[in-house]
Amino acid sequence: MIRRLLLATCAVLGLCAAAQAQNLRIGLREDPDILDPTLARTFVGRIVFASLCDKLFDINERLEIVPQLATGYTWEDPRTLLITLREGVRFHDGEAMDAEAVRYSLDRHRNMQGSFRRGEINTIEAVEVVDPLKVRIRLSAPSAPFLSQLTDRAGMIVSPKAAEAGGRNFGTRPVCAGPFRFVERVAQDRIVVERFPEYWNAAAIHLNRVTYQIITDSTVRLANLQSGALEMVQTIDPDDVAAVRRNNRLRVSVSDELGYQSITFNIGNGARAQTPLGQNARVREAFELAIDRTALNQVVYEGMYTPTAQPVPPANPFHVADFRPEPRNLERARALLREAGVTTPLRVEMTIPNSPDLRQAGEVIQAMVREAGFDLRLNTMEFASSLQAATRGDFESYLLAWSGRVDPDGNSWTFIHSRGPQNDGRYANPEVDRLLDAARSEPDAGKRRELYGQIWQISLRQDRHRIYLWHRKNIVAHTARLQGYVNVPDGILRLQGMRLQ
């Protein structure tokens, strides 16, 4: 079966021919959504953006914030940030990347309809051009996570000329200032980029062309790597790690991820929120108490992942150590359903991105919650389509991952705050909003951690708006011929320094 799938994949994609020197083929587990940094929200899209769109700042393998399109910054006061830009940078269309382009891009992230960046940088009050290489950002209030937000898509700078010409279709042919420029995209198949000769850090780029190949089946993805049809895969399943390590032609790199896997409940997003699950916290509590996170992790992921009850992983200094997963309690779960006055088995639908491991995880959860009185129906969807469905409220519960950010605000505000652009379930609690805003403006790390502890207690224990299940690992595999790959905990595949030998 694997052989037939591999041959079919190679025949369709033309990947079985020997690769030309310095042409890298990377297998992605999902097809990204739109390639517009203002409107995008997928993790695999961030991997592609790393080739196309440099940011003002980046992070390194030690999770330090380092300059990219910027050369440095100064806090003139707690609400005023002065950024100095790199000289001589060009966009792929030949236009200059300067302070005006930064102002345009930040304003676009803040104001464009449908922007997923708005909630990340909504403390911006004004962006001022000081001179061609300096930009001043004025905030409405002090913001502890603000600089870290500029290390992701909110810090990506687009060509104003191309963005104005493309409008909402800019993502079909993105123009940025990254090491590679866009060539083509075939939906559910591939995205191709080629080296940009005028890249500001051209000496770090040794690859001529990169093809991001969409292969949703993890078995087929690994088989293509083993056969030489791919040089790198974004991720492999935990139970494949041992096999890859035994193959002297391959290498595997593992790091702790910054994010999490969770279940979002639709509490207030349209008609599909009007269910016992969406309207009664006791039903949601029963659902959570029916799940054994440790057993789920062992069955699906060989015990490699870390069970959790919060969005901040244990290695992060803002992790609240005493906020742990509750043990499975079927007796209490059944009692909660009786108290809620629902008829069992209670039918619930869960949307799941269509990947083998998440389908298996969904099936295990399905069996677990059945014992408490739930009739869980699984609705598997192509990943980008599932995100669109969640945005418009077409779900009851949604098994969704987040790749994570260095600052805890990036794992929480946009999903929990009532104004958060990725709060798909439309959860709203004024006290939680107040605490999230306070955590943004609090400079003391210990006090911020205490605020997050209060947030988790209200939003997760009282309101049960979401269930956090586990923190994943970044498990990247590649040919031994590929040199220079650095595994950064955010899981992004940065092409700088990579070369094929």
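**Strands, ring pairs and cavities in a predicted model**

Threonine 479 is placed in strand β19, where helices (H or I, at least four residues) and strands (E, at least two) are DSSP runs numbered from the N terminus. The structure is a predicted model, in which local features need pLDDT of at least 70 and side-chain atom pairs count only at pLDDT 80 or more, whereas totals for chains, interfaces and linings use all residues. Residues are numbered from 1 along each chain as its sequence is written, and side-chain values use heavy atoms, with hydrogens and water left out. Threonine 479 has a relative accessibility of 11% and therefore counts as buried; buried means under 20% relative accessible area, exposed over 50%, and partly exposed in between, with a 1.4 Å probe and protein chains only. From C-alpha to C-alpha, threonine 479 is 8.9 Å from leucine 500 in space, although the two are 21 residues apart in sequence.

Strand β19 also belongs to an open sheet of seven strands with mixed pairing, whose order is β8-β9-β10-β1-β11-β19-β12; two strands pair if DSSP finds at least two bridges between them. The edges of this sheet are formed by β8 (180-186) and β12 (250-256), each of which has a single partner strand, so one side of each is left without a neighbour in the sheet. Within the sheet, strand β1 (residues 23-28) and strand β11 (residues 232-233) run parallel and are joined by two bridges, with glycine 27 standing opposite valine 233 in β11.

Together with helix α12 (residues 356-370), the strands β15 and β16 make a right-handed β-α-β unit; a crossover is right-handed if, with the strands pointing away from the viewer, the path from the first strand over the helix to the second runs clockwise. Strand β15 also runs parallel to strand β17 (residues 397-402), to which two bridges join it, and threonine 351 stands opposite tyrosine 398 in β17.

Some backbone features lie in loops. Most residues other than glycine have a negative phi, and most peptide bonds are trans. A cis peptide bond, with omega about 0°, joins threonine 344 and proline 345, and proline 345 is found in the loop between α11 (330-340) and β15. Glutamine 188 has a positive phi, near 65°, and is placed in the loop between β8 and β9 (190-195); its relative accessibility of 43% means that it counts as partly exposed. Arginine 426 likewise has a positive phi, near 60°, in the loop between α14 (413-416) and α15 (430-441), and at 38% relative accessibility it counts as partly exposed.

Aromatic rings were also examined, where rings of Phe, Tyr and Trp (its six-membered ring) pair if their centres lie within 6.5 Å, and planes under 30 degrees apart count as stacked, over 60 as edge-to-face and the rest as tilted. By this rule the count is eleven aromatic pairs. In one of these, the rings of phenylalanine 265 and phenylalanine 287 have centres 6.0 Å apart and planes at 90°, so the pair is edge-to-face. Because phenylalanine 265 lies in strand β13 (residues 260-265) and phenylalanine 287 in helix α9 (residues 281-289), the pair ties together parts that are 22 residues apart in sequence. Both phenylalanine 265 and phenylalanine 287 are buried. Ring pairs also link Tyr260, Trp402, Phe415 and Tyr468 into a cluster.

Grid points are joined across faces, edges and corners, and a volume is the space filled by probe spheres set on the points. Six cavities of 30 Å³ or more are found in the whole structure, and the largest cavity holds about 440 Å³ of space. This cavity is lined by 35 residues, of which Glu30, Phe43, Glu257, Ala401 and Arg472 are the closest to its centre. The elements that give two or more residues to its lining are β13, α12, α13 (383-391), β17 and β19 (473-479).

Conventions
1 Å grid on protein atoms, 1.4 Å probe; cavity = no way out; pocket = protein on both sides within 12 Å on 5 of 7 lines; lining within 4 Å.
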